[in-house]
Amino acid sequence: MRSAMTSGRAIGTVLVVLGLVGTLAALLLPTQFADGNRSIALARAGWQDDGKGVWKTEYGPLTPMDRDFIRKVRNAGLWELPAGRSAQERGTRKSVRIAGDHLVDGHTELDRRAIEAGRTLKVSLPNQPAGKNQDYLDEINKSQGDAFDRVLVERLRQAHGVVFGLIGLVRDQTRNSMVRSLATRANAIVLDHITVLEDTGLVDFEALNDVK
């Protein structure tokens with residue numbers, strides 16, 4: 001009898017322990033997955049630390065990621081705005097010319113907002129397209145006819161997909177109200193650009209996956 005009672009208590013203890021372990025795992029795993037996803041998003045966004053730490057501003061703390069985001073919005077306008085004008089003027093497809101309209105309207109607004117944020121928050125901004133972005137613009141300008149449409153859509157869709165990850169990360173993490181406002185607007189505009197570029201039917205999604 002005592003053996004049966006002892007065995008029953010042992011089984012009960014094991015079940016309690018297993019229940020506690022299961023509860024603990026349920027609590028920890030979502031956090032681990034969330035941290036993992038955040039790390040992945042951070043790595044994919046590819047923002048650059050300028051090494052100048054966090055600045056105090058009247059709009060809230062301004063982090064290196066915030067500053068890099070403002071610079072990237074400005075840099076996007078420096079090559080995507082002229083690319084959009086080229087799409088308006090030289091696109092052989094109506095859908096490409098429509099995409100050009102959206103690109104010009106959107107980046108005109110974002111460029112203005114980025115310049116305003118840079119001046120207000122004292123963030124230095126580029127005046128010429130950086131690195132490969134100038135190469136992309138040169139490639140677009142040299143293309144003709146059908147090849148022009150395809151190169152333009154490919155390069156712009158690729159660029160918008162990359163920056164889209166950074167926009168989400170900044171919108172999630174920034175504590176600066178001016179940067180948050182810029183990220184909110186950029187999110188809507190970049191998503192619109194991704195949509196109209198895809199509506200051309202010229203996006204090679206397999207190629208995009210290879211790049212990412």
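**Notebook: cavities, one asparagine and confidence**

I began with the second largest cavity of this predicted model, and I found that Glu154, Val203, Asp204, Ala207 and Leu208 line it. Its space comes to about 30 Å³, and its lining residues divide into three nonpolar, no polar and two charged.

I then turned to the largest cavity, one of two cavities of 30 Å³ or more in the structure, and noted that about 80 Å³ of space lies in it. Which helix gives the most to the lining of the largest cavity? I found that H2 does, with five residues, while helix H2 (64–90), helix H3 (94–121), H5 and H6 each supply at least two. Among the lining residues I listed Phe69, Lys72, His107, His160 and Val190, and the whole lining divides into eight nonpolar, two polar and two charged.

Next I looked up asparagine 176, which is found in the loop between helix H5 (145–173) and helix H6 (177–198). I noted that asparagine 176 counts as buried because its relative accessibility is 0%. Its side chain makes a polar contact with the side chain of threonine 57 at 3.1 Å, and it also reaches the backbone nitrogen of valine 179 at 3.1 Å. Leaving aside neighbours within four places in sequence, its contacts include Tyr59, Pro61, Asp66 and Leu121.

Last, I checked the confidence and saw that the protein chain averages a pLDDT of 85, with 77% of the residues scoring at least 70. Over residues 14–36 the pLDDT stays under 50, and the model has one contact for them beyond four places in sequence. Where pLDDT is low, predicted coordinates should not be read in detail.

Terms used. Residues are numbered from 1 along each chain as its sequence is written. Side-chain values use heavy atoms; hydrogens and water are left out. pLDDT is the predictor's confidence in each residue, from 0 to 100. Contact means heavy atoms within 4.5 Å. Helices (H or I, at least four residues) and strands (E, at least two) are DSSP runs, numbered from the N terminus. Buried means under 20% relative accessible area, exposed over 50%, partly exposed in between (1.4 Å probe, protein chains only). A polar contact is a pair of N or O atoms within 3.5 Å; within protein, one must be able to donate a hydrogen and the other to accept it, and residues adjacent in sequence count only if both atoms are side-chain atoms. On a 1 Å grid over the protein atoms alone, a cavity is a set of points where a 1.4 Å probe fits but cannot get out, and a pocket is an open set with protein on both sides within 12 Å along at least five of seven lines; lining residues have an atom within 4 Å of a point. Grid points are joined across faces, edges and corners, and a volume is the space filled by probe spheres set on the points. Ala, Val, Leu, Ile, Met, Phe, Trp, Tyr, Cys and Pro count as nonpolar, Asp, Glu, Lys and Arg as charged, and the others, Gly among them, as polar.
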